[in-house]
Every structure is written in C-alpha cells, then in structure tokens.
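Please find below my note on the model under review. The points follow the chain, the sheet, the helices and the ligand shell.

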Amino acid sequence: MKICAIIPAFNEASYIARIVEETREYIETVIVIDDGSEDRTARIAQAAGATCLGSPVNRGKSSALRMGIDFARANDFTHVITLDGDGQHLPQDIPAMLRVAEETKADLVIGARPFSRDLMPRSRYYSNTIGSRLASALIGCEVKDSQSGFRLFRIDKFSEIKLRSRRYEIEMEVLIKMARYGCTIAHSPIHMVYFNDDAHSKLRPIRDTTRTCLWSLAYRYLGA
Ligand SMILES: Nc1nc2c(ncn2[C@@H]2O[C@H](COP(=O)(O)OP(=O)(O)OP(=O)(O)O)[C@@H](O)[C@H]2O)c(=O)[nH]1
Ligand SMILES: [Mg+2]
C-alpha cells in the first residue's frame, strides 16, 4: 500500500495547519488542493508540510479531489485517504481505517459517522440517513454513510473509472463507479465534529443535494 492523503480546502486558513500536521503523523504525503481561496489556505498548508495543488479559479470540491487523485495516480500511489480540511474529520481516526483496509482487503473503506439527531443539524441528519439508504439501494449493498468524505480507497482501478463530478457529487460517483467495477466496501467508525454555524459550511443544501441526487441517477442508470 503506497498511500497519500488528499484534503480539499477552500478558505480553511483557520483549520488547515492543524489538519495537515495531524494527518502527517500517520501519512507521509499530504496533498492539499486549494482552488481560489481568498485567505492564506495554500500558504499555511505548505508551511505545515503539505504538497499544494490547485488553481486560481474555484472549481468545486469534487474537481479538487479529482485533481488530487490524478496527482496520486501520476505519482504511483496505490491508495488515497480523503478527508475534509474544515476540522470536521479527525486524523486520529486514520489508523483504524488503515487497519480495516488491511483486515478486510476492501477496495473502499468508508469512514462512517455516528448519525445522531442530537449531535448533528436536523437537515444533515435526514439528508445523510435517507441518502445512505438510497445509495444502498442504488448499488445493491449496505452503505452506512454514503456522503462521508473521509475515505480510504484503491486508485489502481481508476484508469478504467472516469470521474467527472465538480461540486459535492464525488462521494456518490466513486461509490457507484467502484461498485460497478466489482470493488468491495467496508466501513470504519469515525468521529464527527459539528460547528454551530452554517457559515462554516460551503455546501448549499438544496442546490447541492439536488445536484447530487440527479448526478447519482445519471451515474447509475445513464452510465455518465
Ligand atoms: N478546493 C476546494 N475545496 C472545497 C470546495 N468546496 C468545499 N471544499 C472543501 O471540502 C471540504 C468539505 O466542504 P463542506 O462545505 O464543509 O462540505 P461538507 O463537510 O460535506 O458539508 P457540511 O456537513 O455542511 O459541513 C472542506 O474542507 C472544504 O474546504 C471547493 O470549491 N474547492
Ligand atoms: Mg464540512
């Protein structure tokens, strides 16, 4: 397993140094993709030891992750761990995910959040629980947390798998396309941090959830 971490980060200057430093305790190569942040995200990430990629123009979280995956493939990494740069994912969960990958030999290990109505905003509780059930039905096996961006997966099949997502659809796209190529899925429980302000998130619930649903159907049924 030759593994790197990929962290999409857009205006995350307050969090990115800690995430990069803590991730580097477990994974040597940490790639941060910043496309057009108005703050010092990229410079701070680089100072913390990350390799920084990106573009001056904002292209969306999924485009950023695709750029990271392309870089990892070009540099002969066999696996990637993706996690958010906004402080919601704890790098301390990485060793357990690596253990699950080793023990199960699964091609995709999903960091599964504890869904709790007390701990997460109501809209996220429903979109994530309903979304995970729909995803399970779409791909025909149990997916505990379809929207989790904290994942470990093999990228050596990605010469056949073409990704095209731009905004928040990539989690569903990777699931659907890896399942299509017979990849196996396992889960590893992770912690989840929620902040009590909506400004923290870049996701626009109605627009982005609608986009994700429509694209998921296109990936699953139209071969997009
Ligand atoms: N490079 C890049 N990163 C992005 C972009 N949009 C979001 N991100 C990053 O992707 C990660 C997740 O973004 P969020 O907007 O918090 O989305 P989320 O965590 O799925 O949604 P919430 O549950 O509402 O927080 C964070 O690290 C963001 O900085 C983007 O356009 N470009
Ligand atoms: Mg977030």
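Across which strands does helix H1 lie, and at about what angle to S2 does H1 run?

1. Helix H1 (residues 16–24) lies across strand S1 (3–8) and S2, and runs at about 155 degrees to S2. Axes are lines fitted to C-alpha atoms, for helices over the stretch in contact, with angles from 0 to 180 degrees between N-to-C directions. Residues count as in contact if their C-beta atoms, placed from the backbone, lie within 7 Å.

2. The model is predicted: local features need pLDDT of at least 70, side-chain atom pairs count only at pLDDT 80 or more, and totals for chains, interfaces and linings use all residues. Residues are numbered from 1 along each chain as its sequence is written, while chains are lettered from A and ligands numbered from 1 in the order in which they are written.

3. The protein chain has seven helices and seven strands (DSSP runs numbered from the N terminus: helices H or I, at least four residues; strands E, at least two). Along the sequence they follow the pattern β-α-β-α-β-α-β-α-β-α-β-α-β-α. The radius of gyration, taken over C-alpha atoms, is 16 Å, close to the 17 Å given by the globule rule for 224 residues, so the chain is as compact as a globular protein of that length. That rule is 2.2 Å times the number of residues to the power 0.38.

4. The seven strands form an open sheet of mixed pairing, ordered S3-S2-S1-S4-S6-S5-S7; strands pair if DSSP finds at least two bridges between them. Strand S3 (51–55) and strand S7 (185–189) are at the edges with a single partner strand each, so one side of each has no neighbour in the sheet. Strand S5 (residues 108–112) pairs with S7 in the parallel sense over five bridges, and Ala112 stands opposite Pro189 in S7.

5. The axes of helix H5 (residues 122–139) and helix H7 (residues 205–221) come within 12 Å and cross at roughly 5 degrees. H5 and H7 are therefore roughly parallel (angles under 35 degrees). In their contact, Ser123, Ser127 and Leu138 of H5 meet Pro205, Thr209, Ser216 and Arg220 of H7.

6. Ligand 1 is surrounded by 20 residues, the closest being Pro8, Ala64, Gly85, Ser201 and Lys202; a residue is near if its C-beta atom, placed from the backbone, lies within 6 Å. Strand S2 (29–35) and helix H3 (61–74) each give two or more residues to this shell, and S2 provides the largest share, three residues.

Definitions and conventions:
Angles under 35 degrees count as roughly parallel, over 145 as roughly antiparallel, 65 to 115 as roughly perpendicular and the rest as oblique. Two residues are in contact if their C-beta atoms, placed from the backbone, lie within 7 Å.
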